[in-house]
Amino acid sequence: MRPNIYLVGPRAGGKTTLGLALARALGRDFADTDALFVQKWGQSIADFVAERGWDAFRDEETRVLEAVDRAPGRVIACGGGMVLRPSNRELLARGLTLALLAEPSVLAARLARDPAEAQRPSLTGKPLLDEVAEVLAEREPLYRASALAVLDAALPLEDLLARALAALDSVSHS
């Protein structure tokens with residue numbers, strides 16, 4: 001049974017983009033926990049959080065992760081806050097987890113260009129770069145602790161894919 005490959009990291013780290021490329025390269029199915037959440041609830045994460053709050057969102061996010069974990073062999077892009085709950089980190093540890101990290105300025109620039117950014121609720125209410133830096137500082141140790149490899153999300157996709165494949169290959173041969 002092939003384990004799931006989980007991609008963790010901050011918003012705009014490229015988890016979905018790399019996940020699709022990695023799934024294609026490995027001949028695996030792809031899933032995105034944020035997209036599955038939106039599909040299940042029929043509303044954006046921002047609207048859900050506005051109506052029900054962050055705790056309710058985190059509960060549902062965990063349920064989505066548990067559901068995708070039941071089907072092994074996939075590449076799964078996780079929401080940026082997935083690592084916040086210890087139970088989620090335990091579940092991620094059952095698969096192969098790669099973390100995508102970049103400087104806050106890179107992430108903030110991507111978010112500013114992303115038309116879906118309005119669908120992502122503010123986590124702190126601060127200006128974008130300040131928020132990205134603060135959230136990354138809080139979560140980076142969790143991303144690193146959850147991952148078998150940390151990848152530079154600022155790299156071009158083809159380089160990022162090559163590094164992800166190399167990291168996964170090294171685990172399969174150890």
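Biologist: Which residues of H1 meet which residues in H8?

Modeller: This is a predicted model, in which local features need pLDDT of at least 70 and side-chain atom pairs count only at pLDDT 80 or more, while totals for chains, interfaces and linings use all residues. Residues are numbered from 1 along each chain as its sequence is written, and side-chain values use heavy atoms, with hydrogens and water left out. Taking contact as heavy atoms within 4.5 Å, Thr17, Leu18, Ala21, Leu22, Ala25 and Leu26 in H1 meet, in H8, Leu157, Leu160, Leu161, Ala164, Leu165 and Leu168.

Biologist: How do the residues of this contact of H1 with H8 divide into nonpolar, polar and charged?

Modeller: Here Ala, Val, Leu, Ile, Met, Phe, Trp, Tyr, Cys and Pro count as nonpolar, Asp, Glu, Lys and Arg as charged, and the others, Gly among them, as polar. On that scheme, the contact of H1 with H8 has 11 nonpolar, 1 polar and no charged residues.

Biologist: Is Asn4 buried or exposed?

Modeller: Asn4 is found in the segment before strand S1, which covers 5-8, strands being DSSP runs of E with at least two residues. Buried means under 20% relative accessible area, exposed over 50%, and partly exposed in between, with a 1.4 Å probe and protein chains only. With a relative accessible area of 3%, Asn4 is therefore buried.

Biologist: Which residue has a backbone oxygen 3.4 Å from a polar atom of the side chain of Asn4?

Modeller: Among the residues that Asn4 touches, not counting those up to four places away in sequence, are Arg28, Val68 and Ala71. The backbone oxygen that lies 3.4 Å from a polar atom of the Asn4 side chain belongs to Ala71.

Notes: Helices (H or I, at least four residues) and strands (E, at least two) are DSSP runs, numbered from the N terminus. A polar contact is a pair of N or O atoms within 3.5 Å; within protein, one must be able to donate a hydrogen and the other to accept it, and residues adjacent in sequence count only if both atoms are side-chain atoms.
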